[in-house]
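Biologist: Could you walk me through how to read the side-chain, ligand and backbone features of a model like this one?

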Amino acid sequence: MRLSNHVLFSAPAIGTTLENMAKRIRNETHPEILFMPLMHGSFMFAADLMRQVSRHCLPGLEMDFINVRSYQGTESKQLELVRPSHRPIRGRHVLLIDDILDTGKTMKAVTDYLFDVEQVDFIQIAVLLDKPSRRQVKTMRPDFVGKVIEDKFVVGYGLDYNGHYRELPYIGYLEPEETDGSTA
Ligand code: 5GP
Ligand code: MG
């Protein structure tokens with residue numbers, strides 16, 4: 001597999017994009033924002049974004065994580081959401097951070113859970129990549145987007161294919177014949 005021939009978003013380009021996203025986030029979020037990365041795909045993006053934002057001194061910034069696991073239920077794909085910290089976040093202003101917004105089903109499940117169960121006050125969404133052509137939940141619109149991409153299966157910079165490629169410092173894509181159609 002020659003992934004280096006399929007680079008979609010180079011490491012320097014990701015760096016510049018994150019600087020710009022961080023500036024906007026600093027100006028357009030609450031001073032006591034709670035950053036909430038969706039694990040695991042967003043770990044690299046969230047870590048780099050967080051460093052950029054805190055360099056710009058967002059006072060009161062805190063971090064909490066949510067684990068999202070998808071599995072095949074009896075009739076359809078089910079999502080399991082776990083927030084390891086169990087700390088009350090009622091009334092908080094949350095910035096959800098994910099690697100990629102695809103159909104929007106994951107983000108819809110997470111936002112419903114945070115509003116209905118955790119009773120947060122306000123949610124904003126930051127994604128590194130957006131594939132709007134694949135959207136099924138039409139109401140799901142991210143507030144901060146790094147790059148809009150076409151319908152390709154991407155890997156690297158935290159995103160995997162069957163557990164591989166997460167370590168890459170850039171984002172590349174796999175040709176359809178290089179995947180079996182499953183997503184991370
Ligand atoms: P959604 O629920 O929006 O369809 O899916 C979002 C999740 O699917 C992402 O957080 C990511 O884990 C996975 N996903 C969607 N598209 C891709 C892709 O192109 N590459 C990888 N590695 N994962 C993807
Ligand atoms: Mg994911």
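Modeller: Let us begin with charges over rings, a label used when NZ of Lys or CZ of Arg is within 6 Å of the ring centre and within 35 degrees of the ring normal. In this predicted model, the charged end of Lys152 sits over the ring of Tyr173, 4.4 Å from its centre, and that of Lys147 sits over the ring of Phe9, at 5.0 Å from the centre. Local features need pLDDT of at least 70 and side-chain atom pairs count only at pLDDT 80 or more, whereas totals for chains, interfaces and linings use all residues, and side-chain values use heavy atoms, with hydrogens and water left out. Residues are numbered from 1 along each chain as its sequence is written, while chains are lettered from A and ligands numbered from 1 in the order in which they are written.

Biologist: Which residues come nearest to ligand 1?

Modeller: A residue is near a molecule or strand if one of its heavy atoms lies within 4 Å of it, and of the 15 residues around ligand 1, the nearest are Thr103, Gly104, Thr106, Val154 and Asp160. For polar contacts (pairs of N or O atoms within 3.5 Å; within protein, one must be able to donate a hydrogen and the other to accept it, and residues adjacent in sequence count only if both atoms are side-chain atoms), a polar side-chain atom of Thr103 lies 2.4 Å from an oxygen atom of ligand 1. A polar backbone atom of Asp102 is 3.0 Å from a ligand 1 oxygen atom, and for a backbone N or O atom of Lys105 the distance to such an oxygen is 3.5 Å. Of the 510 Å² of accessible area that ligand 1 has on its own, the protein covers 91% (Shrake-Rupley method, 1.4 Å probe; for residues, only the protein chains shown count as cover).

Biologist: Which element gives the most residues to that shell?

Modeller: Helices (H or I, at least four residues) and strands (E, at least two) are DSSP runs, numbered from the N terminus. Strand S6 (93-101) gives the most to the shell, with 3 residues.

Biologist: Where is Ser42, and is Ser42 buried or exposed?

Modeller: Ser42 lies in the loop between strand S2 (34-39) and helix H2 (43-55), and with a relative accessible area of 0% Ser42 is buried. The Ser42 side chain reaches the backbone oxygen of Leu38 at 2.7 Å.

Biologist: Which peptide bond is cis, and which non-glycine residues have a positive phi?

Modeller: Most residues other than glycine have a negative phi, and most peptide bonds are trans. Here the bond from Met39 to His40 is cis, with omega near 5°, and His40 is found in the loop between S2 and H2. His86 has a positive phi near 55° and, at 66% relative accessibility, counts as exposed. Gln119 also has a positive phi, of about 55°, and is partly exposed at 37%.

How values were computed
Buried < 20%, exposed > 50% of the residue type's maximum accessible area, 1.4 Å probe, protein only.
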